[in-house]
Structures are given as C-alpha cells and as structure tokens.
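Hi everyone, thanks for coming. Today I'd like to walk you through one structure, step by step, so please have a look at it while I talk.

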Amino acid sequence: MGADDHTNKARNAVSRGADSVEDAVDDAKDSRTVRVVARAGFVALGLIHLLIGAIALGIALGASGQADQSGAVGQLAATPGGVVLLWAGLVACGVLALYMASDAVMGWSGGGSSKPWMNRLKAAGQAIVFAVAAATFGSFALSRPSSSSEKSRSTSADLMSSTPGTVLLVIIGVALLAAAGTYIFLGITRKYEKNLRGKPSGLLGDAFTVLGVVGYCAKGVALGAVGLLILIATAAHDPSQQGGLDSALKAFLKQPFGGWVLVFVSLGLMAYGLYSLFRSRYQRI
C-alpha cells in the first residue's frame with residue numbers, strides 16, 4: 001500500500017468524521033427541546049436590555065447605577081428567585097450561543113442564502129453576544145460577580161501596553177462603529193424583519209414594528225458611543241476613559257442636551273428588550 005493510499009484513507013476518515021459531527025449537530029438543532037431553550041435566550045437578552053434601559057433612565061433622571069450587562073444581571077440576582085433566573089439565563093444563552101456558532105461554522109439556517117459569508121459573519125457575532133451574556137449569568141450564578149466596566153478598563157490597559165494590542169483596540173472601536181451604523185440602518189429600513197418568520201397582527205403587530213425600529217436605532221447609538229469611547233481612550237492612551245457601555249451612556253450627560261439623548265437611548269434599549277421578547281417567538285433559527 002503506497003503513501004497515496006494512506007493519504008486517501010486518512011482524508012476519507014476525516015471526511016466521514018466531519019459528516020458525522022455535522023449530522024449530530026443538525027439532529028440537535030432539529031430537536032424541539034433545543035429550539036425552545038435556544039429561543040429562551042432571546043427572552044434572557046430582552047430582560048437584560050429592559051433592565052439596562054431602566055437603569056440608564058434612572059441615571060438620566062439623577063439616580064445612580066451601573067447601566068451595563070453586569071449591572072442588569074446583578075439586579076436580576078437580587079430579585080426573589082433570582083438564582084433560578086440566573087441559571088435559566090446561563091443555560092438559555094449558552095445553548096443559543098452554541099446554536100449560532102454552529103450556523104457560523106456550518107452555514108446559517110435562518111434563511112436568506114444570497115450572501116452566505118455575511119450570514120456566517122452575522123451568526124458569529126450573535127454567538128459572541130450570547131456567549132458573553134451566558135458568561136455574565138454564570139459569574140453571578142456561581143456567586144463570583146464581576147463588573148463589566150472594570151473588565152473593560154483592565155482589558156484596555158493590557159492591550160494598550162503593546163502596539164499590536166493598541167491596533168486591536170482601534171479595530172474593535174471601528175468595528176463597533178460599523179455595527180452601530182448597521183443597527184441604525186436595519187432599524188430605519190426595517191430590514192431586520194427579513195429574519196422573522198412573521199409578526200403579530202393588528203395593533204400588536206404595529207407595536208412590534210415600532211419597538212423594533214426604535215430599539216435597533218437606540219442600540220446602534222449605544223454601540224456607537226462605546227466604539228467612540230474606545231477610540232478616544234486609545235488615542236489618549238488612557239484606559240480609565242474606557243468603561244464599556246456604562247461609561248459610554250454616562251458620557252452623554254457631559255454633552256449639551258445629553259440628558260435628553262440618554263433618555264431616548266434608555267427608552268430605546270427598553271424597546272429593544274420588549275422587541276426581543278417578541279423575537280423569541282418570531283425569529284427564524
């Protein structure tokens with residue numbers, strides 16, 4: 001038996017193994033239980049946005065608080081039955097993150113195959129979002145809460161200590177600005193509805209549309225503020241200026257009419273949270 005035969009056998013074995021893995025993943029994704037749990041991830045994300053919006057609105061009106069993911073999950077943890085909600089959020093967001101990751105690797109199952117590379121990129125971004133949410137739920141569920149703002153500052157400080165790290169921060173800032181523009185574009189044009197398998201009828205459907213438009217635009221503004229803050233902090237080589245979403249939202253208060261902008265963004269984030277609750281039923285996955 002020659003070297004070519006051994007090579008062909010190895011390739012065939014790898015191919016069969018890959019096919020088996022793909023079949024197993026497809027079977028899991030077709031499972032009703034997996035789909036129900038994955039859809040619950042949108043509910044968990046909706047609750048997070050509702051709470052972030054409520055905290056941000058309180059800040060705009062003069063209250064204190066941490067308007068980011070860890071602040072929102074911390075509030076959930078403090079409610080009666082909070083431990084159950086934390087574990088439920090961890091499982092739901094974790095399953096949805098894996099679901100989206102499989103779409104990124106093996107091909108998107110949500111429809112719209114005209115730009116498969118774009119769909120894979122979108123799924124990869126969603127996988128990261130839900131993985132971060134799952135990690136936040138997990139840290140509180142295990143009684144090891146951490147501050148998103150402090151993590152942002154410490155990570156920025158580590159990256160700023162080297163040239164490649166500084167370049168990476170610039171790339172992240174620009175990517176967030178691009179994502180912000182995408183969210184605003186999707187909101188204004190309502191193109192996000194292409195990923196839905198329908199929506200409620202009548203007045204409820206109209207409300208769903210308004211929530212989506214306002215929510216996407218507000219989320220875009222919030223992401224843009226975070227990206228801009230990263231670029232400013234990187235240019236000044238000052239990680240203390242970069243505190244993630246909480247710092248970005250609070251930065252609005254330092255600008256003319258910033259309080260009104262923060263009110264709009266906070267209400268918009270709450271709208272996005274409500275939209276995500278609907279999305280758990282109507283999103284194609």
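Predicted model: local features only at pLDDT ≥ 70, side-chain atom pairs only at ≥ 80, totals over all residues.

If you read the elements from the N terminus on, you get α-α-α-α-α-α-α-α-α-α. The chain has 285 residues, and buried residues make up 40% of them.

Now let's look at how some of these helices pack. As a bit of background, two packed helices are described by the angle between their axes and the distance between the axes. Please find helix α7, residues 163-189, and helix α8, residues 202-236. Their axes are 7 Å apart, and the packing angle is about 160 degrees. Are α7 and α8 roughly parallel or roughly antiparallel to each other? Angles over 145 degrees count as roughly antiparallel, and therefore α7 and α8 are roughly antiparallel to each other. As for handedness, α7 passes α8 in a left-handed crossing.

Here is a second pair to look at, α2 and α10. These two pack at an angle of about 165 degrees, and their axes are 7 Å apart. That angle makes α2 roughly antiparallel to α10. The crossing of α2 and α10 is left-handed.

Helix α2 covers residues 32-60 and α10 covers 258-282, and each of them supplies at least two residues of the nonpolar patch. Take L47 as an example: you'll find L47 in helix α2. Its relative accessible area is 31%, so L47 is partly exposed.

Next, charges. Side chains of opposite charge can pair when their charged atoms come close. How many salt bridges does the count come to? The count comes to four salt bridges, and I'll show you some of them.

The one to begin with is between R153 and E150, where the closest N and O atoms are 3.3 Å apart. Where do these two residues sit relative to each other? Both are in helix α6, residues 148-160, and because R153 and E150 are three residues apart there, about one helical turn separates them. How accessible are they? R153 is partly exposed at a relative accessible area of 25%, and E150 also counts as partly exposed, at 48% relative accessibility.

Now move along the chain to R190. The side chain of R190 meets the side chain of E193 in a salt bridge, with an N to O distance of 3.5 Å. R190 has a relative accessible area of 36%, so R190 is partly exposed. E193 is partly exposed as well, with 22%. There is also a salt bridge between the side chains of K199 and E193, again with 3.5 Å from N to O. K199 counts as partly exposed at 34% relative accessibility. Which residues do shared partners join into one network? They are R190, E193 and K199.

Most residues other than glycine have a negative phi, and most peptide bonds are trans. With that in mind, look at S143: this residue is not a glycine, and its phi is positive, near 60 degrees. You'll find S143 in the loop between α5, residues 116-141, and α6. S143 is exposed, with a relative accessible area of 62%.

F257 has a positive phi too, about 60 degrees, although F257 is not a glycine. F257 is placed in the loop between α9, residues 244-251, and α10. Is F257 buried or exposed? At 67% relative accessibility, F257 counts as exposed.

My last stop is V105, which is in helix α4, residues 82-106. V105 is exposed, with a relative accessible area of 63%. How far is its C-alpha atom from that of A123? V105 and A123 are 18 residues apart along the chain, and 8.9 Å separates their C-alpha atoms.

Methods: Residues numbered from 1 in each chain as written. Heavy atoms only, no water. Helix = DSSP H or I, 4+ residues; strand = E, 2+ residues; numbered from the N terminus. Buried < 20%, exposed > 50% of the residue type's maximum accessible area, 1.4 Å probe, protein only. Axes fitted to C-alpha atoms, helices over the stretch in contact; angles between N-to-C directions. Parallel < 35°, antiparallel > 145°, perpendicular 65-115°, else oblique. Left-handed = near helix turned anticlockwise from the far one by under 90°.
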